[in-house]
Amino acid sequence: MAWGDDEEHRFGGEEEEEELDENDYKTQKDAVLFAIDISSSMLQPPPTSDNKKADKDSAVAAALKCAYQFMQQRIIAQPKDMMGILLFGTEKSKFRDEAGSRSGSGYPHCYLFTELDVPAAEDVKKLRELVEEGEDADEVLVPSKEPALMSNVLFCANQIFTTNAANFGSRRLFIITDNENPHGNDKQAKSSAAVRAKDLYDLGVTIELFPVTRANKGFDLSKFYDDIVYRSPAEDPDASTGVKTSRSGDGLTLLNSLISNINSKQTPKRSYFSKMPFELAPGLTITVKGYMPLHQQKPARTCYVWLGGEQAQLAQSETIKVDSEARTVEKSEIKKAYKFGGEYIYFTPEEAKSLKELDTKCLRVIGFKPMANIPMWASVKKSTFIFPSEEGYVGSTRVFSALWQKLLESKKVGIAWFVARKNANPVMVAIIPSGNLNDEDQDATTPYLPAGLWLYPLPFADDIRTVDIKCPPKPADELTDKMREVIQNLQLPKATYNPLKYPNPALQWHYKILQAMALEDDVPDEMEDLTVPKYKQIDKRVGGYLAEWKEELAEKAKEFMEFRATKRELEDQDMELVERKRPAKRQKPAAGSTAGGPSSGGQMSNAELKAAWGNDTLKKLTVPVLKDILTSKGISTTGKKADLLERLEEWIESHA
């Protein structure tokens, strides 16, 4: 294929990068604030159990461990994101340090354990001492006698986000609690909390609830949190109607449940493009956003650090263009040119820019085709998921939904002209619909992907090569039937593959090494690779089937070799009859050949070779005769006479 790197190739370098919309980069930063309820029930350890998988940590300990793991991931994987921990319901109160703008008196029973900021190694060490070593020297995990007002908690979070992450495109508040009704029948407190929650949403902060339940008790959102946690379906297409709960004491550890629920929300949806005009017909245009759900994750780029001063600083790179005499060349002295026919064709910056812009960014439908007309081999690049946006045109969601439903019903795809960015290469794409997870015709192999429309890049004519594919030999039906049993017993759970369950082992190893060096821990000796097959489980499931299949394969191979040997012997006999009918030519007897023996080794039949091998007279044949025999059998003729005799005897023994 003619495609290069998977990243979008841009022309023009630095000048073109500056022209991109600044809003595209706002969502690249994420600020997450953990709000953990410190109450007597949250601090209560789970009941003792003989089950090895039973919970051993309290809800607070599990929440702190979850936050600790979350911080470990963020400190390296996403170094520009912010994270903080706010404990509410504590006996002590702390908002800012005494040198800050205010103390904790304004927010009683709220303790800002970790400031909302880019996680540093010291923050990780401080949280680790509290989580793993249980060192609570400041007694922050002491519950208050009276519960904290949720309006104070939400207002405290508002101040934290406003002060520390004012320009962040993604700001989220994670509330972990087991109290479904913190204010009981106090309508004034509920109303005040709802107002503070509305203020957060107006500020652009999303509130996520992670309720903790007991084995015999549920979590009723209607009592309080229905007025606190809400979101617009148009902004979050994957939002479910319910909230996932983390159950304590049912054998599945509370920690794993919390980590699973938080990891499902830890990465904000970062659009590949936004405000894209989607032209369905002349005069009918809507706006869409594009996302790349599947993308290769790579280690963060390294940076140069200057260590010459008292404190290490990032080195600032600078590029200077010089001529042959080492004189600094100004930007105004440089002209861009293309070489053609041995001459340089000069262009002004405006002319060079016009050469690179084939079209403005757009997604324009040019027709429709049956879905069966899109072949499997047409996939040359990963697909882009698009979702409607009301930013450009009101009503885009309704039109988009109508198009999606029509394509699903008709089993057709749209063919469109697509330019992702102003300076990107235009491509032809197929607009392919994907069904809901509840639909009968859904693609069950990708349940983790959303329903909607996908831009499926198509190759141009010069991207397609003509490849002669030769069909391999068809295996026997018996071997196919036995291998089918092996495949059926090696199915993944629910016959689906979810790439989110198999992290990149090389990338994780890279992060672990960096984390150990940053936290001054011991460097691990082995890495955890979830892609390594579980050999013991495979042997337990299909070990017997594989042994039977191997025996069947050996029998079929033996029958096939015997058939080929018999066929070759019959062909040799037919050739011998033909040679006998031809007039024989007088040839000089080969040296070393016995009287009445064959004049050429190639004319000896298999029966004569077996007889000579049984009488131990093969050694009397000369090297030319041996080479002639081996050549007729398709065997190598290199080496000395002893090597030739050994190969010939092995062949006769295998065909005896």
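**Group meeting: a walk through the predicted model**

Of the 656 residues in the chain, 33% are buried. Take the contacts between residues at least 6 apart in sequence: 72% of them join residues at least 24 apart.

I'll start with the barrel. Seven strands form a closed barrel, in the order E7-E8-E14-E17-E16-E15-E13, and the pairing is mixed. On average, neighbouring strands of this sheet are turned by 40° against each other, with direction ignored.

Now some of the pairings inside that barrel. E13, residues 362-370, runs antiparallel to E15, residues 412-419, and eight bridges hold the pair. If you want a place to look, find Pro-370, which stands opposite Lys-412 in E15.

Next, strand E17, residues 452-458. How many of the residues of E17 are buried? Seven of the seven are, so the strand is largely enclosed by the rest of the structure. In the barrel order, E17 sits between E14 and E16. On the E14 side, residues 384-389, three bridges join the two strands, which run antiparallel. Phe-385 stands opposite Trp-454 in E17 there.

On to the helices. Two packed helices are described by the angle between their axes and by the distance between the axes. The pair I picked is H15, residues 623-633, and H16, residues 641-654. What are the angle and the axis distance for H15 and H16? The angle is about 40°, and the axes are 10 Å apart. H15 and H16 are therefore oblique to each other. The crossing of H15 past H16 is left-handed. From H15, the contact is made by Val-623, Leu-626, Lys-627, Ile-629, Leu-630 and Lys-633. From H16, the residues are Lys-641, Leu-644, Leu-645, Arg-647, Leu-648 and Trp-651. Sorted by type, the residues of this contact are eight nonpolar, four charged and no polar.

I'll finish with two single residues. The first topic is Ala-197, which lies in helix H7, residues 187-203. Is Ala-197 buried or exposed? Its relative accessible area is 0%, so Ala-197 is buried. Setting aside neighbours within four places in sequence, Ala-197 is in contact with Leu-154, Ile-207, Asp-227 and Ile-228. Ser-151 is 46 residues away from Ala-197 along the chain, and the C-alpha atoms of the two are separated by 7.9 Å.

The other residue is Thr-177, in strand E4, residues 170-177. Thr-177 counts as buried because its relative accessibility is 1%, and the cut-off for buried is under 20%. Which residues does Thr-177 touch, not counting those up to four places away in sequence? They are Asp-37, Met-42, Leu-209, Phe-210, Pro-211, Val-212, Phe-219 and Tyr-225. One of these, Val-212, is 35 residues from Thr-177 in sequence and 5.9 Å from it in space, C-alpha to C-alpha.

That is what I have on this model.

Methods: Residues numbered from 1 in each chain as written. Predicted model: local features only at pLDDT ≥ 70, side-chain atom pairs only at ≥ 80, totals over all residues. Heavy atoms only, no water. Pairing = 2+ DSSP bridges. Helix = DSSP H or I, 4+ residues; strand = E, 2+ residues; numbered from the N terminus. Axes fitted to C-alpha atoms, helices over the stretch in contact; angles between N-to-C directions. Parallel < 35°, antiparallel > 145°, perpendicular 65-115°, else oblique. Left-handed = near helix turned anticlockwise from the far one by under 90°. Contact = heavy atoms within 4.5 Å. Nonpolar A, V, L, I, M, F, W, Y, C, P; charged D, E, K, R; others polar. Buried < 20%, exposed > 50% of the residue type's maximum accessible area, 1.4 Å probe, protein only.
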